Amino acid sequence: MPKVAIVGGGVSGCACASVLLKDGADVTIFEMGRGFGGRASTRRTREIPGLLVNHGAPIFDASNTDFEPLLSSLLEAGAIQKWSGVYASLEASTSDVSVEKSVMRYMGTPGMSSICEKLAEGVTRQAQTQVTGFEWNSETWTLYDRNQQNLGTFDWVVVTGNSLASPRWRQTFSTEPPLVAAAETIACPELVELVNAAGALGTEPVMIAMLAFAPEASECLKKLPFNIAEVRGHPILGKIVLQELDGPCPAVVIHSTSTFAEENKKTFGSTSTAARLGGPADSNAEEIVIEAMVDAFSQVVKKHIGELPTPIWGPHLHRWGNAFPEALQGDQMYAEVPQVHFSMCGDFFSKPGVEAARIETAALSGVEGANSILKHISPSVMKPNL
Ligand SMILES: Cc1cc2nc3c(=O)[nH]c(=O)nc-3n(C[C@H](O)[C@H](O)[C@H](O)COP(=O)(O)OP(=O)(O)OC[C@H]3O[C@@H](n4cnc5c(N)ncnc54)[C@H](O)[C@@H]3O)c2cc1C
C-alpha cells in the first residue's frame, strides 16, 4: 500500500486524504495546529463547554458543479447544512445595512471544523506536528518535525500551503524555508520552479476579535438586521459575523480589514499557532489591537443595538497571517512534480470559474490533486508506479 504524507489538515489536505484513502492508500496528515480545519476551524474552550466559535471562514458558497459530489456527501453525513442567515453590507459612515440577494451558502455543523473531521475520518492524523524537514531518498521522502524527530518515510508527499516555501518563514523562524532547502539539495529543476513560484505568492492577512455572551444578550444582538455583514468604508472593520444567536453562547467575530492586519503584523493572539511556534506575543500590543477592533464594532452597531452587552468570554484575538493567498499562475487546481513524488494543493490554486482563497477551491484542489496522484501510484504495490 503506498504511503502518502499530507502536510496540513485544512480543507484541501483533508479532501485530498479522503480521496486517497478510498482508493486504498495509507495516508497520514500532519497538522501543526492543535486541531484540524485550518482556516475553516472552530474554536472551543474548556472554560465554556458549549462555546463554538468559527474564527476563520464562517460559511462558504458552492458554485462549481465539480464540487457537488463532495458537497452532497458532506450534507448527507450531517457535517454541513444550508446556512439560512442574512448576508448584508453595512456602510460604516451611516451604519445603514443593505441585505444581499440570497445566495446558497453552507456552514459546518455544529462548527466549521466538522468539514475536516468528516473528510479525514479513518485517516491517520497527527496534530501539533509541524513538518520542517524533507529528505528525498531517490524513491521516498523522509519527513522531520521541528525537533528533528523522524516522522516516517513516505512514497509521496503533498504540501497544502505555501508557508514552507515562503520568505516569510525566514522572518519567523530564522532558517531557510524547508521546501527551498529541500529543492536545493535535489537536482530537480521542476521542483525548484514550483517551490519558487509558490513561495513568491503574496497574501492578505486578517485579524479576528472574538467575543461570546450570555444567552440573554441574544435579544440585543438579534436587533442587528443581519447575521454576517461586510463593512464598507471602515479602516479597521472588514466583516462582522454573528454566530449561535439561539445557542447557549451567542458570539460575535469581528474581522479586520487586511490593511489593519498588515499595520499590526507583529501582533497575534497569544493562543494562536504563530505565538506557540514563533515566540511569545506582545500582550500590550494585543490589547491595543483588540480595543481598537471592539470599539470600532461598538460604534458601527450602536444605531441598531445601543450599548454592546458585556461579554462573558473574550475579546480574544487571532491573527491569520495568510488569510487570503494570491493564486498561483495557471489554470490547474494542483501542482505536482511526479519525478520526485511531490504535490501541492490548497486554496492558492484557481481555474476559470473557481477563485482562490475559498473553501470550495481548497476542496476541489485536494480532490483533483489526489486524483492525479492516483494516476501515478498503484495502491496495490509499495513502490510508486511512475
Ligand atoms: C478570516 C477568514 C474568513 C474566511 N471566509 C471565507 C468565506 O466566507 N468563504 C470561503 O469560502 N472561504 C473563506 N475563507 C477562506 C477559507 O477558509 C480557505 O480558503 C480554506 O479554508 C483554505 O483551506 P486550505 O486547506 O487550502 O488551507 P488551510 O486551511 O490554511 O490549511 C493548511 C493547514 O496546513 C497547516 N500547516 C501549515 N504548515 C504546516 C507544517 N509545516 N506542518 C504541519 N502543518 C502545517 C496549517 O496549520 C493549516 O491547518 C476565509 C478565511 C479566513 C482566514
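Reader: Which residues of helix H5 are buried?

Author: This is a predicted model, in which local features need pLDDT of at least 70 and side-chain atom pairs count only at pLDDT 80 or more, while totals for chains, interfaces and linings use all residues. Residues are numbered from 1 along each chain as its sequence is written. A residue is buried if 20 or more other C-beta atoms, placed from the backbone, lie within 10 Å of its own, exposed if 12 or fewer, and partly exposed in between; helices (H or I, at least four residues) and strands (E, at least two) are DSSP runs, numbered from the N terminus. In H5 (residues 178-185), the buried residues are Pro178, Leu179, Ala182 and Ala183.

Reader: Against which elements do the buried residues of H5 pack?

Author: Two residues are in contact if their C-beta atoms, placed from the backbone, lie within 7 Å. The buried residues of H5 pack against strand S11 (131-136), strand S14 (156-159) and helix H6 (189-199).

Reader: How many residues surround the ligand, and which are the closest?

Author: A residue is near a molecule or strand if its C-beta atom, placed from the backbone, lies within 6 Å of it. The shell around the ligand comprises 38 residues, and the closest are Gly8, Gly10, Gly38, Arg39 and Ala57.

Reader: How do the residues of the shell around the ligand divide?

Author: Ala, Val, Leu, Ile, Met, Phe, Trp, Tyr, Cys and Pro count as nonpolar, Asp, Glu, Lys and Arg as charged, and the others, Gly among them, as polar. On this basis the shell around the ligand divides into 18 nonpolar, 15 polar and five charged residues.

Reader: Is glycine 8 buried or exposed?

Author: Glycine 8 is placed in the loop between strand S1 (3-7) and H1. Its contacts, leaving aside neighbours within four places in sequence, are Gly13, Glu31, Gly38, Val159, Thr160 and Gly161. Because glycine 8 has 28 C-beta neighbours inside 10 Å, it counts as buried.

Reader: What is the omega of the cis peptide bond that joins glycine 314 and proline 315?

Author: Most residues other than glycine have a negative phi, and most peptide bonds are trans. Proline 315 is in strand S19. The peptide bond that joins glycine 314 and proline 315 is cis, with an omega of about 5°.

Reader: Is serine 138 buried or exposed?

Author: Serine 138 is in the loop between S11 and strand S12 (141-145). Although serine 138 is not a glycine, its phi is positive, about 70°. With 6 other C-beta atoms within 10 Å, serine 138 is exposed.
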